[in-house]
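Trainee: I have a structure open and want to learn how to read its features. Can we go through them one at a time?

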Amino acid sequence: TWVGETCVRVAHLLHPLQGGGTRVTYRIEATGPDAAEIGAAVSSDFDQVLAALRRHAEAEAPRQPDTP
């Protein structure tokens, strides 16, 4: 996404872990004259975004059968 002369890229990545679970990566890259200011604004809600991604990943994860 371009904001004036600054390019902002955001990536949400889900990496399955060996043995179960998922690593969630949320990355932002901003380049251009206003990169620091725009990057800070875009990343200000990282905690909330990561929590939402975690809830989504957990909801989509295959369920393990119950074991006696």
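Trainee: Which residue in β3 does His12 stand opposite?

Mentor: Strands of a sheet pair through backbone hydrogen bonds, either parallel or antiparallel. In this predicted model, His12 stands opposite Tyr26 in β3. The strands involved are β2, residues 6–16, and β3, residues 22–31. They run antiparallel, joined by 10 bridges.

Trainee: How many residues lie between β2 and β3 in their hairpin?

Mentor: There are 5. Look at Gly19 in that turn: its phi is positive, about 90 degrees.

Trainee: What joins β1 to β2?

Mentor: 2 bridges, again with antiparallel strands. β1 covers residues 2–3. Val3 stands opposite Thr6 in β2. These two strands also form a hairpin, with 2 residues between them. Gly4 sits in the turn and has a positive phi of about 60 degrees.

Trainee: What is the strand order of the sheet?

Mentor: The order is β1-β2-β3, in an open sheet of 3 strands with antiparallel pairing. β1 and β3 are the edges. Each has a single partner strand, so one side of each lacks a neighbour in the sheet. Helix α2, residues 46–60, packs on this sheet and touches β2 and β3. The helix direction makes about 145 degrees with that of β3.

Trainee: Now Thr6. Is Thr6 buried or exposed?

Mentor: Thr6 belongs to strand β2. Its relative accessibility is 0%, so Thr6 counts as buried.

Trainee: Which backbone atom does the Thr6 side chain reach?

Mentor: The backbone nitrogen of Asp34, at 3.1 Å. Asp34 is also one of the residues in contact with Thr6 beyond four places in sequence. Others on that list include Thr1, Thr31, Pro33 and Ile38.

Trainee: Next, aromatics. How many aromatic pairs does a search of the whole structure find?

Mentor: The search finds 1. Tyr26 and Phe46 form this pair.

Trainee: What is the geometry of the Tyr26 and Phe46 pair?

Mentor: A pair of aromatic rings is described by the distance of the centres and the angle of the planes. For Tyr26 and Phe46 the centres are 4.3 Å apart, with 50 degrees between the planes. The pair is tilted.

Trainee: Which parts does the pair tie together?

Mentor: Tyr26 lies in strand β3 and Phe46 in helix α2, so the pair links parts 20 residues apart in sequence.

Trainee: Does Tyr26 count as buried or exposed?

Mentor: Buried, because its relative accessibility is 14%, and the cut-off is under 20%.

Terms used: Residues are numbered from 1 along each chain as its sequence is written. This is a predicted model: local features need pLDDT of at least 70, side-chain atom pairs count only at pLDDT 80 or more; totals for chains, interfaces and linings use all residues. Side-chain values use heavy atoms; hydrogens and water are left out. Two strands pair if DSSP finds at least two bridges between them. Helices (H or I, at least four residues) and strands (E, at least two) are DSSP runs, numbered from the N terminus. Buried means under 20% relative accessible area, exposed over 50%, partly exposed in between (1.4 Å probe, protein chains only). A polar contact is a pair of N or O atoms within 3.5 Å; within protein, one must be able to donate a hydrogen and the other to accept it, and residues adjacent in sequence count only if both atoms are side-chain atoms. Contact means heavy atoms within 4.5 Å. Axes are lines fitted to C-alpha atoms, for helices over the stretch in contact, and angles run from 0 to 180 degrees between N-to-C directions. Rings of Phe, Tyr and Trp (its six-membered ring) pair if their centres lie within 6.5 Å; planes under 30 degrees apart count as stacked, over 60 as edge-to-face and the rest as tilted.
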